[in-house]
Amino acid sequence: MSPSQLTRRSLLAGALGLGAASVLSGCVANNGPMPSSAAPGSKADIGEVEGTLRFAFWGGSDGENTGFARAKAGFEKRHPKATIELQTLPYDGFFSGIDRGILSRTAPDVFRVDYTSIGKYTSHGVLLDMTPYLSAAESKAFLPALYDAVRFEGRTYGVPHQTDTSAIAFSRKALDEAGIGAVPNRLEDAWTWEEFADVSTKLRKSLPDDKYPFAYDWTAAGAYRWASFLYQAGGSLLTPELTRSAVDSDAGKKAMAFTQRFFDERWVPANNTIKTTVYSDNFFLNQTVAMTFVGDFLVPELADGTNGYQGGEWTTTYMPQDRAAASDLGGNAIVATRDTENPELAAAFLKFLVEEDQMRDFCQRANELPTLLSLADTPLDYAVRPDVMGVFTQQATTITETAVRETVVPGFASVNTALQDQLELAFHGRSTDQAIRSISAAIDEAVAA
């Protein structure tokens with residue numbers, strides 16, 4: 001594995017709008033400067049804490065909800081004078097509610113944030129600076145790229161709680177009926193783009209006209225997952241300085257031409273575009289497609305027999321590869337707000353959530369991937385379909401440091417919105433060159449805003 005890749009790491013982006021961001025920036029200026037002089041680790045030994053803390057997160061799977069409930073109980077047992085109030089909210093509107101709370105100083109003390117959104121918060125000084133509360137050993141305990149995801153200008157503003165990434169789920173029966181033989185069961189043997197195209201062509205010929213070879217998970221705020229093909233082709237979204245688009249390149253044109261074939265050759269349903277209302281897992285569960293790209297957090301949904309498939313009727317394999325293997329950065333950090341009335345309690349709770357036993361328990365229950373180095377190569381006892389989770393674990397090693405750096409830039413929410421708009425047009429008749437030029441110009445505008 002190249003040095004630019006993670007050693008092993010492995011919901012999508014609610015955006016802090018540009019208008020709100022500028023207001024928040026002004027709000028922070030009025031509150032005074034962020035602390036910057038405390039040496040790392042100077043408050044790391046927090047000791048006993050007390051008080052009440054509100055922790056907001058969106059309602060996820062049963063495994064996630066149970067995991068957070070168990071964390072609450074465990075923390076309160078360790079700290080009998082502390083109370084954690086769990087605030088489970090719908091994902092839709094979650095971050096707009098957080099933003100309003102930050103502006104009015106009524107935000108929860110602690111909240112969950114995905115990596116595609118975190119840059120807006122770290123860069124506007126609205127989060128508790130965790131740097132003094134983490135010892136050098138605690139800071140080094142995380143996979144480096146994931147730890148970098150919660151940092152801004154040398155300070156740490158949260159903890160990387162878990163991660164996830166995409167792989168392919170497929171129907172054994174559909175591939176067998178198309179005459180497709182052995183499916184890659186090792187990362188190094190993942191289909192090349194050419195091989196994946198051959199598999200898709202065989203499926204297209206064997207399936208009824210109203211069925212399709214696969215669906216891709218780029219719907220709505222998942223638009224950034226298109227970049228996996230860009231990385232596979234050897235390209236990147238942004239320049240190394242993260243200040244301009246790098247999409248207008250040979251790699252960008254190659255990735256665009258390949259993904260446009262998905263629609264031109266009817267490998268995906270016509271409505272498997274960016275702004276559809278049907279997600280990739282839904283296409284698979286209603287058996288409109290034979291394969292689907294999904295994140296590991298959706299394994300429990302696919303494994304629920306009432307949703308369409310039974311037992312071993314489906315399994316997983318790896319993302320296709322071109323010049324390199326690559327996949328997307330998913331998952332979430334846990335952060336505290338700068339205005340929390342009890343920063344030591346908040347810091348203690350964040351540290352508790354990423355202790356090895358806590359992280360192992362949460363990830364096993366939620367079918368998600370850990371961010372601690374100590375768990376990186378440790379087989380976890382996943383609650384649902386552990387037989388397929390190894391694929392996601394291995395696939396996560398292909399998330400490059402470039403992908404992480406680009407995903408957590410302050411303007412990424414705007415970059416992702418630009419991708420939503422431009423990819424939708426790219427898949428509805430634009431030429432490859434026109435699509436790349438338009439994406440590049442839109443990303444430049446988003447980064448500069």
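Which strands does helix H2 lie across? Helix H2 (residues 62-78) lies across E1, E2, E3 and E6, and it runs at about 165 degrees to E2. Bear in mind throughout that this is a predicted model.

**The five-stranded sheet**

Those strands belong to an open sheet of five, in the order E2-E1-E3-E11-E6, with mixed pairing. Strand E2 (82-89) and E6 stand at the edges with a single partner strand each, so one side of each has no neighbour in the sheet. Going from one strand to the next, the twist averages 20 degrees.

Now for the pairings. Strands pair through backbone hydrogen bonds, and they can do so in either a parallel or an antiparallel way. Strand E1 (residues 51-58) and E3 run parallel and are joined by two bridges; here Ala-56 stands opposite Phe-111 in E3. Strand E3 (residues 110-114) pairs with E11 in the antiparallel sense over five bridges, and Val-113 stands opposite Ala-333 in E11. Strand E6 (residues 159-164) also pairs with E11, in the antiparallel sense over five bridges. In that pairing, Thr-163 is set opposite Gly-331 in E11.

How many of the seven residues of strand E11 (residues 330-336) are buried? Seven of the seven are, so the strand is largely enclosed by the rest of the structure. Side chains in a regular strand alternate between the two faces of the sheet. Both faces of E11 are covered: Gly-330, Asn-332, Ile-334 and Ala-336 are buried on one side, and Gly-331, Ala-333 and Val-335 on the other.

Helix H4 (residues 115-122) lies across E3, E6 and E11, running at about 125 degrees to E3.

**Helix H3 and the residue after it**

Next up is helix H3 (residues 94-104). Its buried residues are Phe-94, Phe-95, Ile-98, Asp-99, Gly-101 and Ile-102. Looking down the axis of H3, you'd see these buried residues fall within an arc of 165 degrees, so they line one face of the helix. The general rule is that an α-helix has 3.6 residues a turn, so residues three or four places apart point the same way. Just after H3 comes Arg-105, with a positive phi of about 60 degrees.

**The four-stranded sheet**

The other sheet to find is an open one of four strands in the order E8-E9-E7-E10, again with mixed pairing. Its edge strands are strand E8 (212-215) and strand E10 (314-317), each of which pairs on one side only. Ignoring direction, neighbouring strands in this sheet are turned by 25 degrees against each other on average.

E8 pairs with strand E9 (residues 289-295) in the parallel sense, over three bridges. Tyr-212 has Val-289 as its bridge partner in E9.

| Helix | Strands touched | Direction |
|---|---|---|
| H8 (residues 193-206) | E7 (166-171), E8 and E9 | about 130 degrees with E8 |
| H16 (residues 386-395) | E7, E9 and E10 | about 20 degrees with E10 |

**Arginines to click on**

Tyr-212 turns up again with an arginine: Arg-204 lies over the face of Tyr-212, at 5.1 Å from the ring centre.

Is Arg-385 buried or exposed? At 14% relative accessibility it counts as buried, because the cut-off is under 20%. Arg-385 is found in the loop between helix H15 (373-376) and H16. Its phi is positive, at about 40 degrees, although it is not a glycine. For context, most residues other than glycine have a negative phi.

Arg-266 is another non-glycine with a positive phi, near 55 degrees. You'll find Arg-266 in the loop between helix H10 (250-264) and helix H11 (280-285). At 31% relative accessibility, Arg-266 counts as partly exposed.

**One last stop: Gln-420**

Gln-420 is found in helix H18 (residues 412-426), and at 18% relative accessibility it counts as buried. Leaving out residues up to four places away in sequence, Gln-420 touches Ala-220, Ala-221, Ala-223, Ile-274 and Lys-275. The C-alpha atoms of Gln-420 and Ala-396 are separated by 24 Å, and the two residues are 24 residues apart along the chain.

Technical notes
Residues numbered from 1 in each chain as written. Predicted model: local features only at pLDDT ≥ 70, side-chain atom pairs only at ≥ 80, totals over all residues. Heavy atoms only, no water. Pairing = 2+ DSSP bridges. Axes fitted to C-alpha atoms, helices over the stretch in contact; angles between N-to-C directions. Contact = heavy atoms within 4.5 Å. Buried < 20%, exposed > 50% of the residue type's maximum accessible area, 1.4 Å probe, protein only. Arc of directions from axis to C-beta. Lys NZ or Arg CZ within 6 Å of the ring centre and 35° of its normal.
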